[in-house]
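Please have the sequence and the model open as you read.

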Amino acid sequence: MAPVNVLPDGGAVPTTDPDVVAAGTHPATASAEVDLDAYAANLRVLAAHVAPAALMAVVKADAYGHGLVACARAARAAGVEWLGVATPGEALALRESGDEGRLLCWLYGPDEDLSPLVAADVDVSAASVEQVSDLVGAAATTERVARVHLKIDTGLHRNGSPVEDWPAVVGAAAEGERFGAVEVVGVWSHLATAEDPDHPSVAAQLAAFGDALEVARTEGLDPRTNHLANSAGALLLPAARHQLVRAGIATYGIDPAPGVAASVGVALRPVMTLRAQLVAVKAVAAGEGVSYGHTWIAPADTVVGLVPLGYGDGVPRHASSVAEAWAGGRRVPVRGRVCMDQLLVELGPDAGEQVGEEVVLFGAAPAPTAEDWAEVCGTIGYEIVTRIGPRVPRRHHGGARVDVGAPA
Ligand SMILES: Cc1ncc(COP(=O)(O)O)c(C=O)c1O
């Protein structure tokens, strides 16, 4: 059976390439359960927190592993005006799924033709004179006005125009506007340390952003939808919100960093639960090793359960012998090395579990959360959910309409 995303309206959308999906795990055996009601609730609470700024739901990277199309539809149904993606492929996949709302795409290479994006009414980021001129070309090809968000590098030193190039970028865009080829929707940037408001880079980036806006206005532009904040910025930094915030991780119910959401009284609900059935349960005697390399030796007679998920599914190998799962109403430790397709949990000598019983690797407390897994694996919650691969079927639940209200 081919695993599919089951959408709230009853439609079914393959998680990814049908050939890959056809080779996936049976959804009864293991799946990522995606709670679209929790997603909508997170969107609603975040929208209320940042108002009057509007909320962009960031759905890049298959909605951080939660399913691009299903999450996009749920976000639209919840009243979210803006979606954000990294790649043109993601943007066009959304358009092919029927999405017609405002959509920003921000990462592409020099050889990519931007015409399909402009033709599909996608807002596009530009961070150089070349990118502005590519958009002018795309506007000519498609006989449409290209909507552009000009990106300034305010200090992350990743994407974005260097400050010294900014006047030229703005000038090129202003000329494009005069020719009726482009419309500058806004100026934008990205924060480096938003989860740490006292870090000196925050004030520096806010100031640099203000300066960039000033230069844009001096050049005759009228950018009205300006945005700088990610989830942490949206939660912690009112001065970073401007007219729009781009929230990803918090919408999936994961704290951008420990304690951030709670510090401003925002309660987030985890959206993804990674669960599986036990496919074997067996006794291991004291002194016997478990899994490759025998890195864990049972100190006493015990019982282990086999979970059919491994690093081939995106479960981090760093979870070996350090992460915990949830089975039978209690936390059970991962024992030994995580393999490509499977891992073992210790159920304990008195385990009552049978083959077929449920194990949650991560989800909502009291089960371990993605943040718990991130901590023991030395990574971030973002990576824990996003890396769950296409072999794991996504099953979407809920998604009833929850209106977050019209953005200001
Ligand atoms: C440019 C940009 N904006 C917004 C986001 C969303 O960030 P977060 O998931 O921290 O809210 C990301 C994600 O990394 C991003 O790359």
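A backbone N or O atom of Ile 249 lies 2.8 Å from an oxygen atom of the ligand, a polar contact in the sense of a pair of N or O atoms within 3.5 Å. The table sets this pair beside two others.

| Protein atom | Ligand atom | Distance |
|---|---|---|
| Ile 249, backbone N or O | oxygen | 2.8 Å |
| Gly 248, backbone N or O | oxygen | 2.8 Å |
| Tyr 64, polar side-chain atom | oxygen | 2.6 Å |

On its own the ligand exposes 390 Å², and 92% of that is buried by the protein (accessible areas by the Shrake-Rupley method with a 1.4 Å probe).

A word on the source: this is a predicted model, in which local features need pLDDT of at least 70 and side-chain atom pairs count only at pLDDT 80 or more, while totals for chains, interfaces and linings use all residues. Residues are numbered from 1 along each chain as its sequence is written, and side-chain values use heavy atoms, with hydrogens and water left out.

Around the ligand stand 13 residues, the closest being Lys 60, Tyr 64, Ser 231, Gly 248 and Tyr 382 (a residue is near if one of its heavy atoms lies within 4 Å). By class, this shell has six nonpolar, four polar and three charged residues; here Ala, Val, Leu, Ile, Met, Phe, Trp, Tyr, Cys and Pro count as nonpolar, Asp, Glu, Lys and Arg as charged, and the others, Gly among them, as polar.

Where does the ligand sit? Its place is the largest pocket, judged by more than half of its atoms lying within 2 Å of the pocket's grid points. A pocket is an open set of points on a 1 Å grid over the protein atoms alone, with protein on both sides within 12 Å along at least five of seven lines; lining residues have an atom within 4 Å of a point. The largest pocket holds about 550 Å³ of space, a volume being what is filled by probe spheres set on the points. Its lining counts 25 residues, and Lys 60, Tyr 64, Arg 158, His 190 and Tyr 382 lie nearest the centre. Two or more lining residues come from each of H3, S10 and helix H13 (381-386), where helices (H or I, at least four residues) and strands (E, at least two) are DSSP runs numbered from the N terminus. H3 contributes the most, with three residues. The lining divides into 15 nonpolar, six polar and four charged residues.

Definitions and conventions:
A polar contact is a pair of N or O atoms within 3.5 Å; within protein, one must be able to donate a hydrogen and the other to accept it, and residues adjacent in sequence count only if both atoms are side-chain atoms. On a 1 Å grid over the protein atoms alone, a cavity is a set of points where a 1.4 Å probe fits but cannot get out, and a pocket is an open set with protein on both sides within 12 Å along at least five of seven lines; lining residues have an atom within 4 Å of a point.
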